[in-house]
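Good morning, and thank you for coming. I would like to walk you through one structure, beginning with a single residue and ending with the chain as a whole.

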Amino acid sequence: MNENQNYEQPEEIIISFQKIWDNFKKYWWICVITTVLAIVVAIGLMIKDYNAVQRLSEISLMKGKDKFYQATTMVYMKPQVEEISESIKETADNIQDLEKSYVASVNEYVKTYIEQWNWNVNNQLMYDSMALLSSNKVQSQINDALEKNNMDPYDKVLDEVSMEIANGSRYYKVIVRGEDAKRVKFIANTATDILLKEAQEIMGVSDSKLIDEAAISLCQKQEDGSYKLITKQSEKKNKGVSEKLSLGMFFSVNNILVVLVGAFFGLGVIFIFVLMDKKVRNRNEVNMYLHIPYLGEVSKKSGDAQYAVLTTTFLKKCEQEGIKKVLFTTPKECSIQEKLVDALGKEGENTTVIKIDMNTSRVEEKIRIESTGKELTIVSARQLLESSNTIKAVSSVDGVVLLITANGDNIPELEETINYIKTVGGKVLGYVLYK
(Lines give C-alpha, C1' and ligand atoms only; values in the text may rest on other atoms or scores of the structure.)
Protein backbone atom coordinates (compact mmCIF):
# COMPACT_ATOMS: atom_id res chain seq x y z
CA MET A 1 0.00 0.00 0.00
CA ASN A 2 1.22 3.53 -0.78
CA GLU A 3 2.33 5.33 2.38
CA ASN A 4 2.27 8.72 0.71
CA GLN A 5 -1.46 8.91 0.14
CA ASN A 6 -2.87 12.46 -0.28
CA TYR A 7 -5.60 12.99 2.32
CA GLU A 8 -6.25 16.64 1.49
CA GLN A 9 -9.74 17.61 0.44
CA PRO A 10 -9.94 18.83 -3.17
CA GLU A 11 -10.58 22.52 -3.57
CA GLU A 12 -13.40 22.11 -6.09
CA ILE A 13 -16.93 21.22 -4.97
CA ILE A 14 -18.04 17.87 -6.35
CA ILE A 15 -21.76 17.08 -6.39
CA SER A 16 -23.05 13.70 -7.48
CA PHE A 17 -26.37 13.14 -9.21
CA GLN A 18 -27.18 10.58 -6.53
CA LYS A 19 -26.89 13.24 -3.83
CA ILE A 20 -29.08 15.64 -5.82
CA TRP A 21 -31.71 12.96 -6.40
CA ASP A 22 -31.70 11.83 -2.75
CA ASN A 23 -32.19 15.39 -1.53
CA PHE A 24 -34.91 16.05 -4.11
CA LYS A 25 -36.82 12.96 -2.92
CA LYS A 26 -36.45 14.18 0.65
CA TYR A 27 -37.31 17.87 0.11
CA TRP A 28 -39.57 17.80 -2.98
CA TRP A 29 -42.38 19.38 -0.93
CA ILE A 30 -40.37 22.63 -0.68
CA CYS A 31 -40.46 22.99 -4.47
CA VAL A 32 -44.21 22.25 -4.50
CA ILE A 33 -44.93 24.84 -1.78
CA THR A 34 -42.88 27.59 -3.46
CA THR A 35 -44.53 26.87 -6.81
CA VAL A 36 -48.04 26.96 -5.30
CA LEU A 37 -47.22 30.23 -3.49
CA ALA A 38 -45.91 31.66 -6.78
CA ILE A 39 -49.17 30.68 -8.51
CA VAL A 40 -51.17 32.38 -5.73
CA VAL A 41 -49.01 35.51 -6.08
CA ALA A 42 -49.46 35.44 -9.88
CA ILE A 43 -53.25 35.21 -9.50
CA GLY A 44 -53.20 38.05 -6.95
CA LEU A 45 -51.12 40.23 -9.28
CA MET A 46 -53.46 39.42 -12.16
CA ILE A 47 -56.53 40.48 -10.14
CA LYS A 48 -54.71 43.57 -8.87
CA ASP A 49 -53.73 44.62 -12.40
CA TYR A 50 -57.25 43.98 -13.66
CA ASN A 51 -58.79 46.10 -10.89
CA ALA A 52 -56.18 48.81 -11.41
CA VAL A 53 -57.04 49.05 -15.11
CA GLN A 54 -60.73 49.09 -14.26
CA ARG A 55 -60.18 51.87 -11.74
CA LEU A 56 -58.00 53.78 -14.16
CA SER A 57 -60.72 53.52 -16.76
CA GLU A 58 -63.29 54.95 -14.35
CA ILE A 59 -60.92 57.71 -13.21
CA SER A 60 -60.27 58.69 -16.81
CA LEU A 61 -64.02 58.94 -17.29
CA MET A 62 -64.43 61.11 -14.22
CA LYS A 63 -61.66 63.46 -15.31
CA GLY A 64 -62.94 63.80 -18.86
CA LYS A 65 -63.85 67.28 -19.96
CA ASP A 66 -67.41 66.50 -21.15
CA LYS A 67 -68.15 63.47 -18.98
CA PHE A 68 -70.74 63.50 -16.21
CA TYR A 69 -72.52 61.21 -13.79
CA GLN A 70 -76.16 60.50 -14.53
CA ALA A 71 -78.67 59.24 -11.96
CA THR A 72 -82.03 57.94 -13.23
CA THR A 73 -85.16 57.02 -11.27
CA MET A 74 -88.40 55.60 -12.67
CA VAL A 75 -91.92 56.43 -11.48
CA TYR A 76 -95.49 55.61 -12.47
CA MET A 77 -98.12 58.38 -12.57
CA LYS A 78 -101.73 58.09 -13.70
CA PRO A 79 -103.55 61.33 -14.56
CA GLN A 80 -107.27 61.78 -13.69
CA VAL A 81 -108.09 63.07 -17.21
CA GLU A 82 -107.53 59.55 -18.53
CA GLU A 83 -111.19 58.83 -17.61
CA ILE A 84 -112.24 61.02 -20.57
CA SER A 85 -110.56 58.75 -23.05
CA GLU A 86 -112.26 55.73 -21.48
CA SER A 87 -115.70 57.35 -21.79
CA ILE A 88 -115.07 58.19 -25.46
CA LYS A 89 -114.15 54.59 -26.15
CA GLU A 90 -117.26 53.36 -24.36
CA THR A 91 -119.46 55.72 -26.41
CA ALA A 92 -117.94 54.43 -29.64
CA ASP A 93 -118.56 50.82 -28.67
CA ASN A 94 -122.28 51.55 -28.05
CA ILE A 95 -122.95 52.67 -31.61
CA GLN A 96 -125.22 49.86 -32.86
CA ASP A 97 -127.39 51.44 -35.57
CA LEU A 98 -124.65 52.34 -38.02
CA GLU A 99 -123.54 50.07 -40.79
CA LYS A 100 -120.56 47.86 -40.20
CA SER A 101 -118.29 49.78 -42.56
CA TYR A 102 -119.20 53.04 -40.90
CA VAL A 103 -118.74 51.52 -37.45
CA ALA A 104 -115.28 50.27 -38.42
CA SER A 105 -114.20 53.69 -39.65
CA VAL A 106 -115.57 55.34 -36.52
CA ASN A 107 -113.77 52.83 -34.27
CA GLU A 108 -110.54 53.43 -36.15
CA TYR A 109 -110.98 57.14 -35.76
CA VAL A 110 -111.77 56.78 -32.07
CA LYS A 111 -108.74 54.51 -31.57
CA THR A 112 -106.48 57.05 -33.25
CA TYR A 113 -108.07 59.82 -31.26
CA ILE A 114 -107.54 57.95 -27.99
CA GLU A 115 -103.89 57.22 -28.76
CA GLN A 116 -103.33 60.87 -29.62
CA TRP A 117 -105.20 61.89 -26.50
CA ASN A 118 -103.10 59.60 -24.28
CA TRP A 119 -99.92 60.82 -25.91
CA ASN A 120 -100.91 64.42 -25.33
CA VAL A 121 -101.93 63.65 -21.76
CA ASN A 122 -98.68 61.81 -20.99
CA ASN A 123 -96.58 64.57 -22.51
CA GLN A 124 -98.58 67.22 -20.71
CA LEU A 125 -98.08 65.37 -17.43
CA MET A 126 -94.35 65.17 -18.09
CA TYR A 127 -94.13 68.89 -18.91
CA ASP A 128 -96.17 69.72 -15.83
CA SER A 129 -93.87 67.52 -13.72
CA MET A 130 -90.77 69.21 -15.15
CA ALA A 131 -92.25 72.58 -14.38
CA LEU A 132 -92.99 71.40 -10.86
CA LEU A 133 -89.41 70.18 -10.41
CA SER A 134 -88.08 73.57 -11.51
CA SER A 135 -90.37 75.44 -9.14
CA ASN A 136 -88.97 77.23 -6.12
CA LYS A 137 -91.16 75.12 -3.84
CA VAL A 138 -89.56 71.84 -4.96
CA GLN A 139 -86.05 73.23 -5.33
CA SER A 140 -86.12 74.73 -1.85
CA GLN A 141 -87.04 71.31 -0.43
CA ILE A 142 -84.17 69.73 -2.38
CA ASN A 143 -81.84 72.44 -1.07
CA ASP A 144 -82.94 71.79 2.54
CA ALA A 145 -82.24 68.07 2.11
CA LEU A 146 -78.77 68.83 0.69
CA GLU A 147 -77.88 71.08 3.61
CA LYS A 148 -79.02 68.46 6.14
CA ASN A 149 -76.62 66.00 4.50
CA ASN A 150 -73.71 68.50 4.52
CA MET A 151 -73.75 69.04 0.77
CA ASP A 152 -73.42 72.23 -1.23
CA PRO A 153 -76.65 74.18 -1.96
CA TYR A 154 -78.75 73.31 -4.96
CA ASP A 155 -77.59 74.95 -8.22
CA LYS A 156 -79.86 74.99 -11.29
CA VAL A 157 -76.87 75.15 -13.63
CA LEU A 158 -74.64 72.49 -12.04
CA ASP A 159 -77.50 70.18 -10.99
CA GLU A 160 -79.30 69.51 -14.25
CA VAL A 161 -82.72 67.86 -13.73
CA SER A 162 -84.91 66.59 -16.59
CA MET A 163 -87.66 64.05 -17.33
CA GLU A 164 -88.66 61.77 -20.20
CA ILE A 165 -91.38 59.23 -20.96
CA ALA A 166 -90.30 55.58 -20.94
CA ASN A 167 -91.23 54.26 -24.42
CA GLY A 168 -94.65 55.98 -24.68
CA SER A 169 -95.91 54.43 -21.45
CA ARG A 170 -97.18 55.94 -18.20
CA TYR A 171 -93.73 55.38 -16.71
CA TYR A 172 -91.52 58.45 -16.39
CA LYS A 173 -87.80 58.82 -15.84
CA VAL A 174 -86.36 61.52 -13.61
CA ILE A 175 -82.81 62.24 -14.78
CA VAL A 176 -80.17 64.22 -12.88
CA ARG A 177 -76.69 64.95 -14.25
CA GLY A 178 -73.65 66.38 -12.50
CA GLU A 179 -69.96 65.92 -11.68
CA ASP A 180 -70.37 64.29 -8.24
CA ALA A 181 -71.78 60.76 -8.27
CA LYS A 182 -72.94 60.78 -4.64
CA ARG A 183 -74.60 64.19 -5.02
CA VAL A 184 -76.29 63.27 -8.31
CA LYS A 185 -77.76 60.10 -6.82
CA PHE A 186 -78.98 61.94 -3.72
CA ILE A 187 -80.68 64.69 -5.73
CA ALA A 188 -82.36 62.15 -8.04
CA ASN A 189 -83.88 60.18 -5.16
CA THR A 190 -84.84 63.34 -3.24
CA ALA A 191 -86.39 65.09 -6.25
CA THR A 192 -88.39 61.96 -7.14
CA ASP A 193 -89.80 61.63 -3.62
CA ILE A 194 -90.84 65.30 -3.59
CA LEU A 195 -92.33 65.05 -7.11
CA LEU A 196 -94.55 62.08 -6.21
CA LYS A 197 -95.83 63.86 -3.11
CA GLU A 198 -96.42 67.24 -4.76
CA ALA A 199 -97.91 65.78 -8.00
CA GLN A 200 -100.84 64.27 -6.10
CA GLU A 201 -101.50 67.47 -4.14
CA ILE A 202 -100.98 70.07 -6.90
CA MET A 203 -101.61 68.32 -10.25
CA GLY A 204 -104.32 65.93 -9.04
CA VAL A 205 -102.47 62.76 -10.10
CA SER A 206 -104.72 59.87 -9.16
CA ASP A 207 -101.98 57.30 -8.63
CA SER A 208 -98.17 57.57 -8.36
CA LYS A 209 -95.51 55.05 -7.36
CA LEU A 210 -91.72 54.82 -7.25
CA ILE A 211 -90.56 51.96 -9.50
CA ASP A 212 -86.75 52.22 -9.42
CA GLU A 213 -84.45 54.19 -7.17
CA ALA A 214 -81.55 56.13 -8.65
CA ALA A 215 -79.10 54.14 -10.76
CA ILE A 216 -75.72 55.72 -11.55
CA SER A 217 -74.18 55.69 -15.02
CA LEU A 218 -71.65 57.74 -16.95
CA CYS A 219 -72.55 59.97 -19.88
CA GLN A 220 -70.79 62.28 -22.27
CA LYS A 221 -72.09 65.56 -23.63
CA GLN A 222 -72.25 65.67 -27.43
CA GLU A 223 -71.66 68.67 -29.68
CA ASP A 224 -75.40 69.10 -30.27
CA GLY A 225 -76.04 69.38 -26.53
CA SER A 226 -77.45 65.84 -26.11
CA TYR A 227 -75.98 63.22 -23.81
CA LYS A 228 -74.65 59.76 -24.70
CA LEU A 229 -74.37 57.01 -22.09
CA ILE A 230 -70.92 55.43 -21.77
CA THR A 231 -71.25 51.76 -20.89
CA LYS A 232 -68.50 49.78 -19.19
CA GLN A 233 -68.39 47.45 -22.15
CA SER A 234 -67.63 50.23 -24.64
CA GLU A 235 -65.11 51.82 -22.29
CA LYS A 236 -63.27 48.53 -21.80
CA LYS A 237 -63.22 48.01 -25.53
CA ASN A 238 -61.62 51.40 -26.02
CA LYS A 239 -59.08 50.80 -23.28
CA GLY A 240 -58.29 47.24 -24.30
CA VAL A 241 -59.56 45.76 -21.05
CA SER A 242 -61.13 42.31 -20.84
CA GLU A 243 -64.67 42.23 -19.51
CA LYS A 244 -64.02 39.20 -17.30
CA LEU A 245 -61.05 37.53 -15.69
CA SER A 246 -60.11 34.52 -17.77
CA LEU A 247 -57.60 31.67 -17.78
CA GLY A 248 -55.93 33.25 -20.78
CA MET A 249 -55.11 36.34 -18.71
CA PHE A 250 -53.19 34.15 -16.27
CA PHE A 251 -50.76 32.93 -18.95
CA SER A 252 -49.16 36.32 -19.43
CA VAL A 253 -45.38 36.68 -19.61
CA ASN A 254 -45.19 38.25 -16.14
CA ASN A 255 -47.31 35.54 -14.48
CA ILE A 256 -45.33 32.75 -16.14
CA LEU A 257 -42.10 34.38 -14.94
CA VAL A 258 -43.47 34.58 -11.37
CA VAL A 259 -44.37 30.87 -11.40
CA LEU A 260 -40.96 29.94 -12.84
CA VAL A 261 -39.20 32.04 -10.21
CA GLY A 262 -41.19 30.25 -7.50
CA ALA A 263 -40.33 26.83 -8.91
CA PHE A 264 -36.63 27.65 -9.34
CA PHE A 265 -36.54 29.19 -5.86
CA GLY A 266 -37.71 25.85 -4.46
CA LEU A 267 -35.09 24.02 -6.53
CA GLY A 268 -32.51 26.53 -5.30
CA VAL A 269 -33.39 25.79 -1.69
CA ILE A 270 -33.06 22.06 -2.40
CA PHE A 271 -29.68 22.71 -4.07
CA ILE A 272 -28.54 24.55 -0.94
CA PHE A 273 -29.46 21.45 1.07
CA VAL A 274 -27.39 19.45 -1.42
CA LEU A 275 -24.38 21.69 -0.74
CA MET A 276 -24.93 21.41 3.01
CA ASP A 277 -25.34 17.65 2.83
CA LYS A 278 -21.91 16.17 3.58
CA LYS A 279 -23.03 12.57 4.03
CA VAL A 280 -21.29 9.87 2.05
CA ARG A 281 -23.52 8.19 -0.53
CA ASN A 282 -21.25 5.79 -2.40
CA ARG A 283 -17.70 4.68 -3.12
CA ASN A 284 -17.12 7.41 -5.72
CA GLU A 285 -17.79 10.19 -3.20
CA VAL A 286 -15.35 8.66 -0.70
CA ASN A 287 -12.65 8.44 -3.37
CA MET A 288 -13.32 12.03 -4.53
CA TYR A 289 -12.88 13.56 -1.09
CA LEU A 290 -10.72 11.24 1.01
CA HIS A 291 -8.38 9.48 -1.45
CA ILE A 292 -7.85 6.39 0.70
CA PRO A 293 -7.69 2.82 -0.69
CA TYR A 294 -10.93 0.96 -1.24
CA LEU A 295 -10.94 -2.50 0.35
CA GLY A 296 -14.53 -3.62 -0.32
CA GLU A 297 -18.13 -3.10 0.66
CA VAL A 298 -20.98 -4.94 2.35
CA SER A 299 -24.64 -4.25 2.93
CA LYS A 300 -27.45 -5.27 5.27
CA LYS A 301 -28.46 -7.97 2.82
CA SER A 302 -24.93 -9.34 2.35
CA GLY A 303 -24.65 -13.07 3.05
CA ASP A 304 -21.79 -15.06 4.56
CA ALA A 305 -20.34 -15.68 1.10
CA GLN A 306 -19.77 -11.96 0.50
CA TYR A 307 -18.12 -11.58 3.92
CA ALA A 308 -15.89 -14.55 3.11
CA VAL A 309 -14.77 -12.98 -0.18
CA LEU A 310 -14.02 -9.67 1.56
CA THR A 311 -12.03 -11.28 4.38
CA THR A 312 -10.06 -13.54 1.99
CA THR A 313 -9.08 -10.53 -0.12
CA PHE A 314 -8.09 -8.53 2.92
CA LEU A 315 -6.04 -11.37 4.52
CA LYS A 316 -4.19 -11.96 1.26
CA LYS A 317 -3.31 -8.23 1.05
CA CYS A 318 -2.04 -8.30 4.64
CA GLU A 319 0.13 -11.34 3.89
CA GLN A 320 1.59 -9.73 0.77
CA GLU A 321 2.47 -6.47 2.53
CA GLY A 322 3.65 -7.99 5.80
CA ILE A 323 0.92 -6.53 7.97
CA LYS A 324 0.65 -8.20 11.39
CA LYS A 325 -1.71 -5.98 13.38
CA VAL A 326 -4.73 -4.08 12.06
CA LEU A 327 -7.13 -1.78 13.93
CA PHE A 328 -10.73 -1.72 12.64
CA THR A 329 -12.59 1.36 13.84
CA THR A 330 -15.36 3.80 12.89
CA PRO A 331 -16.06 7.54 13.32
CA LYS A 332 -19.52 6.47 14.57
CA GLU A 333 -21.21 3.24 15.51
CA CYS A 334 -21.38 0.70 12.64
CA SER A 335 -23.80 -2.23 12.81
CA ILE A 336 -21.72 -4.60 10.62
CA GLN A 337 -18.46 -4.15 12.57
CA GLU A 338 -18.92 -7.18 14.83
CA LYS A 339 -19.91 -9.48 11.97
CA LEU A 340 -17.04 -8.35 9.75
CA VAL A 341 -14.40 -8.69 12.48
CA ASP A 342 -15.70 -12.15 13.47
CA ALA A 343 -15.58 -13.22 9.82
CA LEU A 344 -11.91 -12.12 9.59
CA GLY A 345 -11.07 -14.06 12.72
CA LYS A 346 -12.71 -17.26 11.47
CA GLU A 347 -11.14 -17.07 8.01
CA GLY A 348 -7.53 -16.89 9.21
CA GLU A 349 -6.17 -20.05 10.85
CA ASN A 350 -3.59 -18.14 12.87
CA THR A 351 -5.57 -14.95 13.40
CA THR A 352 -6.71 -13.51 16.68
CA VAL A 353 -9.44 -10.96 17.30
CA ILE A 354 -9.17 -8.44 20.11
CA LYS A 355 -12.14 -6.22 21.00
CA ILE A 356 -11.15 -3.19 23.00
CA ASP A 357 -12.82 -0.15 24.49
CA MET A 358 -10.92 3.08 23.99
CA ASN A 359 -12.27 4.38 27.29
CA THR A 360 -10.45 1.68 29.31
CA SER A 361 -6.79 1.84 30.36
CA ARG A 362 -3.93 -0.51 29.39
CA VAL A 363 -5.14 -0.73 25.77
CA GLU A 364 -1.56 -1.00 24.43
CA GLU A 365 -0.68 -3.78 26.89
CA LYS A 366 -3.78 -5.80 26.02
CA ILE A 367 -2.97 -5.64 22.31
CA ARG A 368 0.67 -6.71 22.92
CA ILE A 369 -0.18 -9.63 25.21
CA GLU A 370 -3.10 -11.13 23.25
CA SER A 371 -1.34 -10.85 19.89
CA THR A 372 1.81 -12.74 20.97
CA GLY A 373 2.69 -15.55 18.56
CA LYS A 374 -0.16 -14.76 16.14
CA GLU A 375 0.44 -14.12 12.45
CA LEU A 376 -2.39 -11.54 12.26
CA THR A 377 -4.16 -9.64 14.99
CA ILE A 378 -7.48 -7.94 14.30
CA VAL A 379 -8.15 -5.18 16.84
CA SER A 380 -11.74 -3.94 16.94
CA ALA A 381 -12.62 -0.57 18.52
CA ARG A 382 -16.26 0.50 18.46
CA GLN A 383 -15.42 4.17 17.97
CA LEU A 384 -12.21 6.14 17.63
CA LEU A 385 -11.73 8.69 20.41
CA GLU A 386 -9.29 11.55 20.80
CA SER A 387 -7.51 10.32 23.93
CA SER A 388 -4.20 8.92 25.13
CA ASN A 389 -5.60 5.40 24.85
CA THR A 390 -6.33 5.99 21.17
CA ILE A 391 -2.72 7.08 20.61
CA LYS A 392 -1.48 3.89 22.28
CA ALA A 393 -3.89 1.72 20.25
CA VAL A 394 -2.94 3.34 16.90
CA SER A 395 0.81 3.14 17.67
CA SER A 396 0.49 -0.56 18.59
CA VAL A 397 -0.76 -1.66 15.13
CA ASP A 398 0.59 -1.55 11.58
CA GLY A 399 -2.39 0.28 10.18
CA VAL A 400 -6.00 1.34 10.60
CA VAL A 401 -9.04 0.30 8.51
CA LEU A 402 -12.06 2.61 8.61
CA LEU A 403 -15.60 1.24 8.45
CA ILE A 404 -17.62 3.94 6.66
CA THR A 405 -21.43 3.90 6.71
CA ALA A 406 -23.13 5.29 3.59
CA ASN A 407 -25.84 7.86 4.40
CA GLY A 408 -24.54 7.89 7.98
CA ASP A 409 -20.98 9.21 8.10
CA ASN A 410 -20.20 12.59 6.63
CA ILE A 411 -17.09 13.91 4.90
CA PRO A 412 -15.92 16.41 7.59
CA GLU A 413 -16.05 13.73 10.32
CA LEU A 414 -14.14 11.27 8.17
CA GLU A 415 -11.52 13.90 7.31
CA GLU A 416 -11.14 14.72 10.99
CA THR A 417 -10.72 11.04 11.85
CA ILE A 418 -8.07 10.50 9.14
CA ASN A 419 -6.15 13.63 10.17
CA TYR A 420 -6.19 12.50 13.79
CA ILE A 421 -4.79 9.08 12.86
CA LYS A 422 -1.99 10.78 10.93
CA THR A 423 -1.32 13.19 13.79
CA VAL A 424 -0.72 10.39 16.30
CA GLY A 425 1.60 8.60 13.88
CA GLY A 426 -0.83 6.07 12.47
CA LYS A 427 -1.37 4.83 8.93
CA VAL A 428 -4.70 4.46 7.15
CA LEU A 429 -4.72 1.19 5.22
CA GLY A 430 -8.08 1.83 3.53
CA TYR A 431 -11.81 1.65 4.07
CA VAL A 432 -14.70 -0.78 3.91
CA LEU A 433 -18.01 0.76 2.83
CA TYR A 434 -21.24 -0.33 4.48
CA LYS A 435 -24.27 0.49 2.31
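Predicted model: local features only at pLDDT ≥ 70, side-chain atom pairs only at ≥ 80, totals over all residues.

Leaving aside its neighbours within four places in sequence, with which residues is Ser208 in contact? They are Tyr76, Met77, Leu196 and Gln200, where contact means heavy atoms within 4.5 Å. Residues are numbered from 1 along each chain as its sequence is written, and side-chain values use heavy atoms, with hydrogens and water left out.

Ser208 belongs to strand 4, residues 207–221. Helices (H or I, at least four residues) and strands (E, at least two) are DSSP runs, numbered from the N terminus. Ser208 is buried, because its relative accessible area is 12%; buried means under 20%, exposed over 50%, and partly exposed in between, with a 1.4 Å probe and protein chains only.

Asn122 sits in helix 3, which covers residues 100–133. Beyond its neighbours within four places in sequence, Asn122 touches Ile165, Gly168, Ser169, Arg170 and Tyr172. From Asn122 to Pro79 there are 43 residues in sequence, and their C-alpha atoms are 8.1 Å apart.

Let us turn to two loop residues. His291 is found between helix 9 and strand 6 (294–298), and Asn407 between strand 10 and helix 14. For His291, phi is near 55 degrees, a positive value in a residue other than glycine. Asn407 also has a positive phi, near 65 degrees, and is a residue other than glycine. His291 counts as partly exposed, at 32% relative accessibility, and Asn407 is partly exposed with a relative accessible area of 45%.

Next comes helix 14, residues 411–423. Its 13 residues should span 18 Å at 1.5 Å a residue, and this agrees with its end C-alpha atoms, which are 18 Å apart; the expected span is 1.5 Å times one less than the number of residues. Which residues of helix 14 are buried? They are Ile411, Leu414, Glu415, Thr417, Ile418, Tyr420 and Ile421. Their cover includes helix 9 (283–289), helix 13 (388–395), strand 10 (399–405) and strand 11 (428–434).

The structure holds 1 cavity of 30 Å³ or more; a cavity is a set of points, on a 1 Å grid over the protein atoms alone, where a 1.4 Å probe fits but cannot get out, and lining residues have an atom within 4 Å of a point. The largest cavity contains about 40 Å³ of space. Around it are Leu295, Leu310, Thr311, Phe314, Phe328, Leu340, Leu344 and Val432. Helix 10 (304–321) gives the most to this lining, with 3 residues, while helix 10 and helix 11 (337–347) each supply at least two.

Finally, the whole chain. Its secondary structure comprises 14 helices and 11 strands, and 40% of its 435 residues are buried. Of the contacts with a separation of 6 or more, 78% join residues 24 or more positions apart. Thank you for your attention.

Methods: 1 Å grid on protein atoms, 1.4 Å probe; cavity = no way out; pocket = protein on both sides within 12 Å on 5 of 7 lines; lining within 4 Å. Points joined across faces, edges and corners; volume = space filled by probe spheres on them.
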